[in-house]
Amino acid sequence: MLNVGIIGTSGIAHEFAKALQMTEDYQVKAIYSRTKSKAQSFGEAYGADLFFDDLEEMLARPEIDVIYIASPNSLHFQQAMSALDHHKHVIVEKPAFSNLSEWDQAFARAEEAGVKLFEAARHLHDRNFQVAKDQIKKFDKIDNAVLSYGKYSSRYDQVLDGQEPNIFSLKYSGGALMDLGVYLLYAAIGWFGEPESATYQMKKVSTGVDGSGVIFFQYPTFNVTMHVSKTFNLHVSNEINNGHQTIILDELTGTKEIILENTRTNERTDLAYQPDAHLMLAEALAFAREINHPSDDYEEWKQLSRKVTAWSEKLRKEAGIYFTADK
């Protein structure tokens, strides 16, 4: 049983705690928040019995095996480094780090400490992500692909009111590409490999980050177009085209349908598995397996995470978006 300390009390932290409770691998043990009362209010529902408003005090506790970080993006790096210094395994909510420099330093520290560091890109561990990847491999060629992820953020209302919430802040490494575009980059690079070139045509909001945009990946014989938004909902289908065959996914995270359409035979086959009981269950189980029984999967996840981080940084900087963390 792995004892987990959670940094942050956001909605995503609640969801991960629920996923942990659905396994036999973890125990939610400790919670850190800016106030101890908030940590206790969050943690008691999940069986935690240690509550902290001092992060170093929590990290120093020997009974904690794993730290899950769900704080604002720009805080991930320092918090992860501190946890690694205490020889804790670390799970960092996506995007793990603001830029490639932070990524390289953190993973080097994890290796030195002899512990595992994971980026929590949940769809990577979904069985249906692999189903799509396996079907793509069966195609003799790719003609085109379109991927999409866009949800109107309630925090955008604050931006419209002249405020600067963390997820729309340069100081906190926010924006559409960092928050939702990570899912698109994981899918594109995970399924097709790295592109020859790429561009990001985005629309900035008043705080200076990107609220929405279109990512273009150019490969030798095809293109991948990715739509991302936090300022409006998107209902563009996710599809990979190969002449008379098309793979159609209802969504990239929590995929429920993967339709293989054949225009020659007029057949439509659903290849998808039934979704897990919780969106974050598969990744939680995958991380526990890797901690308890190391495999080659970890290196594969690491390299994909690094590529996603590198392309994310390249795209946003070429689009004129620089974070405080970049300085």
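**Strand pairing, salt bridges and pockets in a predicted model**

Ile67 stands opposite Val90 in strand β5. The structure is a predicted model, in which local features need pLDDT of at least 70 and side-chain atom pairs count only at pLDDT 80 or more, whereas totals for chains, interfaces and linings use all residues. Residues are numbered from 1 along each chain as its sequence is written, and side-chain values use heavy atoms, with hydrogens and water left out.

Helices (H or I, at least four residues) and strands (E, at least two) are DSSP runs, numbered from the N terminus. Two strands are taken to pair if DSSP finds at least two bridges between them. Strand β4 (residues 66-69) is joined to β5 by 4 bridges, and the two run parallel. A further 4 bridges join β5 to strand β6 (residues 117-120), again in parallel. In this second pairing, Glu93 has Ala120 of β6 as its bridge partner. The chain passes from β5 through α5 to β6 in a right-handed β-α-β crossover; a crossover is right-handed if, with the strands pointing away from the viewer, the path from the first strand over the helix to the second runs clockwise. A right-handed β-α-β unit is also made by β4, helix α4 (residues 76-85) and β5.

In strand β5 (residues 89-93), 5 of the 5 residues are buried, so the strand is largely enclosed by the rest of the structure. In a regular strand the side chains alternate between the two faces of the sheet. Both faces of β5 are covered, with His89, Ile91 and Glu93 buried on one side and Val90 and Val92 buried on the other.

Side chains of opposite charge can pair when their charged atoms come close. A salt bridge is defined here as a side-chain nitrogen of Lys or Arg within 4 Å of a carboxyl oxygen of Asp or Glu. The count by this rule is 17 salt bridges. One of them is formed by Asp49 and Lys29, with an N to O distance of 3.1 Å. This pair links distant parts of the chain, 20 residues apart: Asp49 lies in the loop between α2 (36-43) and β3 (50-52), and Lys29 in strand β2 (residues 26-32). Asp49 is partly exposed at 46% relative accessibility, whereas Lys29 is buried at 18%.

Another salt bridge joins Glu112 to Arg109, whose closest N and O atoms are 3.9 Å apart. Both residues belong to helix α5 (residues 100-113) and are separated by 3 residues, about one turn of the helix. Glu112 is exposed, with a relative accessible area of 63%, while Arg109 is partly exposed at 26%. The side chains of Lys133 and Glu300 also form a salt bridge (3.9 Å, N to O). Lys133 lies in helix α6 (residues 127-138) and Glu300 in helix α10 (residues 297-318), so this pair ties together parts that are 167 residues apart in sequence. Lys133 is buried at 17% relative accessibility, and Glu300 is partly exposed at 49%. Through salt bridges with shared partners, Asp85, Arg109 and Glu112 are joined into one network.

Pockets were located on a 1 Å grid over the protein atoms alone, a pocket being an open set of points where a 1.4 Å probe fits, with protein on both sides within 12 Å along at least five of seven lines; lining residues have an atom within 4 Å of a point. Grid points are joined across faces, edges and corners, and a volume is the space filled by probe spheres set on the points. The largest pocket has a volume of about 1300 Å³. It is lined by 39 residues, of which Ser10, Gly11, Ile12, Ala70 and Ile167 are the closest to its centre. Two or more lining residues are given by each of α1 (11-21), α4, α7 (155-160) and α8 (176-192). Ala, Val, Leu, Ile, Met, Phe, Trp, Tyr, Cys and Pro count as nonpolar, Asp, Glu, Lys and Arg as charged, and the others, Gly among them, as polar. The lining of the largest pocket divides into 15 nonpolar, 14 polar and 10 charged residues.

The second largest pocket holds about 450 Å³ of space. Among its 24 lining residues, Leu124, His125, Gln130, Glu300 and Trp301 lie nearest the centre. The largest share of this lining, 6 residues, comes from α10.

Key:
Buried means under 20% relative accessible area, exposed over 50%, partly exposed in between (1.4 Å probe, protein chains only).
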